[in-house]
Amino acid sequence: MKKIFIFLTVFFAAISNLSAQTTMFTSYSFNVESKNEQTVLQLYKNYFEKHPNKGVTATLYENHFKGRDIATHEMVASGTPEAMGAAYDGKSSSAWNLFQSELSKYCKGVRAAEGKRGSNFGDTSSAIYPVQDVYYINVKDQELFKSRFEAFWSKNIPANTRISFGSVTTLNEEKTTHYIVRSFKNFTTKFKDDPQSLKGYAEMMSLQKEVRTFNSSKTRTLLGKW
């Protein structure tokens with residue numbers, strides 16, 4: 001278990017909008033018993049508030065409305081390839097080792113992933129959108145899917161929402177090549193959201209079936225961001 005958590009240096013999945021720089025990502029999902037959730041959250045707060053990584057934003061999510069195989073929590077961080085490299089290449093400190101050791105008492109690892117952020121549309125402010133729907137998909141023709149995705153969402157993004165699309169180069173167990181994240185300001189916005197009402201949505205989704213299949217999905221809420 002300790003070796004698994006050493007792998008958890010960063011999960012790079014930038015949700016911020018329209019960055020000109022490439023953002024790499026890795027992810028780490030794990031299970032926590034309900035009685036230990038607050039302890040794990042406090043461990044994250046204590047560590048990242050005192051030991052921030054330059055150029056890396058660390059986030060922690062709790063997963064809701066999830067399938068049987070979806071973990072209870074997910075560690076997320078974002079940064080450029082340079083920040084990612086610095087985080088991985090840096091020598092582990094005694095504080096980091098203690099943090100990992102304490103986490104291993106309460107967390108059971110499920111899976112990890114790596115990839116790259118692609119297209120992003122919606123609110124470009126720094127406002128936090130804490131509710132997210134995540135879709136893991138298999139795309140046969142990335143350029144065709146991406147062109148249709150951008151053509152539609154660049155003109156049809158609803159207020160108080162964001163959407164992003166990116167590639168997944170490593171995701172153990174699943175045949176996933178890409179992801180889509182829809183972000184909302186709150187659950188009210190999410191529950192009122194109706195993409196079917198958007199002009200051209202049904203046509204776009206019908207065309208996308210040619211080149212993509214859905215693997216799994218989940219809804220996650222932000223617990224902390226550092």
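Tutor: Helix α5 (residues 142-156) packs against helix α7 (residues 201-208) at an angle of about 175°, with the axes 10 Å apart. The model is predicted: local features need pLDDT of at least 70, side-chain atom pairs count only at pLDDT 80 or more, and totals for chains, interfaces and linings use all residues. Residues are numbered from 1 along each chain as its sequence is written, and side-chain values use heavy atoms, with hydrogens and water left out.

Student: Which residues of α5 and α7 make the contact?

Tutor: From α5 come Leu144, Phe145, Arg148, Phe149, Phe152 and Trp153, and from α7 Tyr201, Met204, Leu207 and Gln208; contact means heavy atoms within 4.5 Å.

Student: What about helix α2 and helix α4?

Tutor: The axes of α2 (residues 37-50) and α4 (residues 94-103) come within 10 Å and cross at roughly 175°, which makes α2 roughly antiparallel to α4. The contact involves residues including Tyr44 and Phe48 of α2 and Trp96 and Phe99 of α4.

Student: How many aromatic pairs are there?

Tutor: A pair of aromatic rings is described by the distance of the centres and the angle of the planes. The whole structure holds 21 aromatic pairs (rings of Phe, Tyr and Trp, the last by its six-membered ring, with centres within 6.5 Å). One of them joins Phe25 and Tyr179 edge-to-face, at 5.3 Å centre to centre and 90° between the planes; edge-to-face means planes over 60 degrees apart. Phe25 lies in strand β1 and Tyr179 in strand β7, so the pair ties together parts 154 residues apart in sequence.

Conventions
Axes fitted to C-alpha atoms, helices over the stretch in contact; angles between N-to-C directions. Helix = DSSP H or I, 4+ residues; strand = E, 2+ residues; numbered from the N terminus. Parallel < 35°, antiparallel > 145°, perpendicular 65-115°, else oblique. Phe/Tyr/Trp six-rings, centres within 6.5 Å; stacked < 30°, edge-to-face > 60°.
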